[in-house]
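Biologist: Could you go through this model with me? I would like to begin with the ligand and then look at some individual residues.

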Amino acid sequence: MSERIALTSPIADVPGVRDQTARDLATLGLRAVGQLVAYLPSRHEHEEAEAPMSELAPDHIVSARGEITSCRLSGYGKRSRFQAVLSDGTGRLDLVWFNAPYLRGKLHPGMRLRVQGKAKTYNHGLQIANPKYEVLSDEIETDSDKTEARLRPIYPASERVPSRVIEQAVVKVLPVALPMIADHLPETFRTERDLPDLSDAYRMMHAPENEEEIARGRRRLAYDELLMLQLGVAMKRYQLRDSQRAPALRASPASHDKILSMLPFTLTGAQQRVVGELSDELTRDIPSNRLIQGDVGSGKTMVALYAMLLAVESNHQAALMAPTEILAEQHFESISRTLANQDVRVELLTGSVIGGDRDAMLARLEEGKIDILIGTHALLTEHVRFNSLAVAIIDEQHRFGVEQRAVLRTKGEDEGGMTPHVVVMTATPIPRTVSLTLFGDLDVSTIDELPPGRQPIETTYSPPEDREQVYQAVRRRVESGEQAYVVAPAIDSESGVLVGARDLQRELEDGFLSGLRVALVHGRLKRNTREHIMERFRRGLIDVLVATTVIEVGVDVPNATVMVVEQADRFGLAQLHQLRGRVGRGSKASECVLISSPVTTDGVERLKIMTKTGDGFRIAERDFEIRGPGEIFGSKQSGLPPFRVADLIRDTDLLARARTDAQEWIRRSPELSFEGEILVQQRVLKTHGRWLGLGDTG
Ligand code: ADP
Ligand code: MG
């Protein structure tokens, strides 16, 4: 019978697995044999060899089994103790549990138990306090008649399906399933990297002989996950470059000079270098897929504008997509201002452009009467069609995933199968580990220099007791003609927990900052209202702007020189760095004050990193280490696929290795279609084909 079992067979088909167990496992999503093999323990516990009670020694972790001869509950609630006596014919063992009155309903004389814990001398005998125990039924007892010391796998369990039940099913399934597991990695490839065979790796996770085996098995499976991802990304990159064409823009020294003359500044060295990298690429018909990263204020917009103008000079269109309306509006305003005297038609498309206005705008776009279209994700909607989109810029990439990039790409495809050059910009520096995975298909340029005359932002930490002094300093700045931001973590207060922006504005206006013009801006205000307030702030008609994180990106008011962040512990580090980038944009010395109660020492230490470095990359790495990738790049938003085994923080070396290996492999075999590669191809497409949009191969 077992010959007919496959990895896709129902678990219940495996001899020795009860139907009820199979039904229970199904509640965890485990139906097929292969799924159970892939269901890995979350940890392993050392289990001592079992011994007869007469041989147990005090002051050791011991393991024994026997029958309950008596039990008794005494005391109440937290003071209660539940005692039981266990005997096995060679001796007795006293058990005691504190604060566990519910055991009275669970353990009864006559039951057989296996217990484990530290034995102590007690009344001339031995006692274990709060032992781990397991009730033995007859069936289970023969099943698990293990008395050897071992590493016992502990599985992610549910109330209905305890780890023990999963373990028993795994024990039945492994001997049947492991021989059927074919390794998708070629043997030579594996041995070169000292990786165990796939089926061995699973065995090492479920039934390890020792700690090294767990590490070895885990390493194989983690590498595997990372390799599959990197292979997918490398394939995608190959497909893009090989199968699609982008408009090759014309760039001559004359057009270069012409574009530079339209820009309001002389480019910094770093901007020039990146502009050079970009224009080399844009003049080819291979679609660019480039990430431009540069710290807050490094002047990425200028570089983007250069690329867009290069498209316009070549009689094509360009698009700039920003993550929020505020930012889109601001780009629109500053680019329109810059190009005021030029013959370049710039328009703004956001969710607020509706009805007839929208229809007319879309018609102009399709007729090629708009040169540069700036907008939010509204640019991605179905009816938006360009006449000839050559350059698509995505600002603040971390909020847009691979899928959005793909949609934007299709916007240029209508005409003659051309795809635009895609350039993404990020001011939230992306930790290297993430850029290798999430953005593994991108080339990276870095603007590592700030425009001249920038003053570093001095960042300090203050406890709430010092608020009065902090705001006195703000007042002094305002009196000397400068402006300030005050940032709160939310719009509304939560009593006792959080002071929101609304209440903060009122408090400051009537208190520490009375007599100053203190306004409020947040994301729930209507666009016009918000724009009006920002405009008044920009024109110096407002002294202090109390805001939520709506001002996180892009907002540019050089005269604002001080920022106070209230309840700073509520923000991520990368976010704080982003926020503080709102000041220090002019030539005056600027400062940022982080106010927070010292919630925990860790919390304060975390904030103090901000006071020590202005290097956004270092901060982003720390933030990533502290909060993990999930928090920062919610996997749904970012398109980052979840890993089962690999851990982007722990496994950076493996990741780098997997990336190099994958690139080399795809260079040799771009479609993974050579003999002996079919398994790996299937696996890559199955895991990553969909989100990476790997053509019709999958
Ligand atoms: P970010 O990289 O954060 O998007 P921006 O593009 O908003 O930065 O630029 C930050 C500020 O620096 C803006 O006020 C912009 O006008 C100014 N800026 C950009 N490039 C230069 C330059 N080469 N020289 C002087 N100022 C510049
Ligand atoms: Mg920017």
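Modeller: The answers below take the ligand site first, then the residues beside it, and then several loops, strands and a helix.
Modeller: This is a predicted model, in which local features need pLDDT of at least 70 and side-chain atom pairs count only at pLDDT 80 or more, while totals for chains, interfaces and linings use all residues. Residues are numbered from 1 along each chain as its sequence is written, chains are lettered from A and ligands numbered from 1 in the order in which they are written, and side-chain values use heavy atoms, with hydrogens and water left out.

Biologist: Which residues come nearest to ligand 1?

Modeller: Gly297, Lys300, Thr301, Arg454 and Asp556 come nearest, out of 17 residues around ligand 1. A residue counts as near if one of its heavy atoms lies within 4 Å of the molecule.

Biologist: What lies 2.7 Å from an oxygen atom of the ligand?

Modeller: That is a polar side-chain atom of threonine 301. Arginine 585 also brings a polar side-chain atom to 3.1 Å from a ligand oxygen, and glycine 299 places a backbone N or O atom at 3.0 Å from an oxygen of ligand 1. Taken alone, ligand 1 exposes 560 Å², and the protein buries 85% of that. Such areas come from the Shrake-Rupley method with a 1.4 Å probe; for residues, only the protein chains shown count as cover.

Biologist: Staying with glycine 299, which side chain reaches its backbone oxygen?

Modeller: The side chain of glutamine 271 does, at 2.8 Å. A polar contact is a pair of N or O atoms within 3.5 Å; within protein, one must be able to donate a hydrogen and the other to accept it, and residues adjacent in sequence count only if both atoms are side-chain atoms. Glutamine 271 belongs to helix H9, residues 269-282.

Biologist: Is glutamine 271 buried or exposed?

Modeller: Glutamine 271 is classed as buried because its relative accessibility is 4%. Buried means under 20% relative accessible area, exposed over 50%, and partly exposed in between (1.4 Å probe, protein chains only).

Biologist: Changing topic: which residues of H18 are buried?

Modeller: They are Leu573, Ala574, Leu576, His577, Gln578, Leu579 and Arg580. Helix H18 spans residues 573-580 and is mostly covered, with seven of its eight residues buried.

Biologist: What about the strands; where is isoleucine 292?

Modeller: Isoleucine 292 sits in strand S9, residues 289-294, and is counted as buried because its relative accessibility is 1%.

Biologist: Which residue has a positive phi of about 70° although it is not a glycine?

Modeller: Histidine 124 does. This histidine is in the loop between strand S5 (112-122) and strand S6 (125-129), and histidine 124 is called exposed because its relative accessible area is 86%. Asparagine 315 has a positive phi as well, near 60°. Asparagine 315 lies in the loop between H10 and strand S10 (317-321) and counts as exposed, at 64% relative accessibility.

Note on methods. Helices (H or I, at least four residues) and strands (E, at least two) are DSSP runs, numbered from the N terminus.
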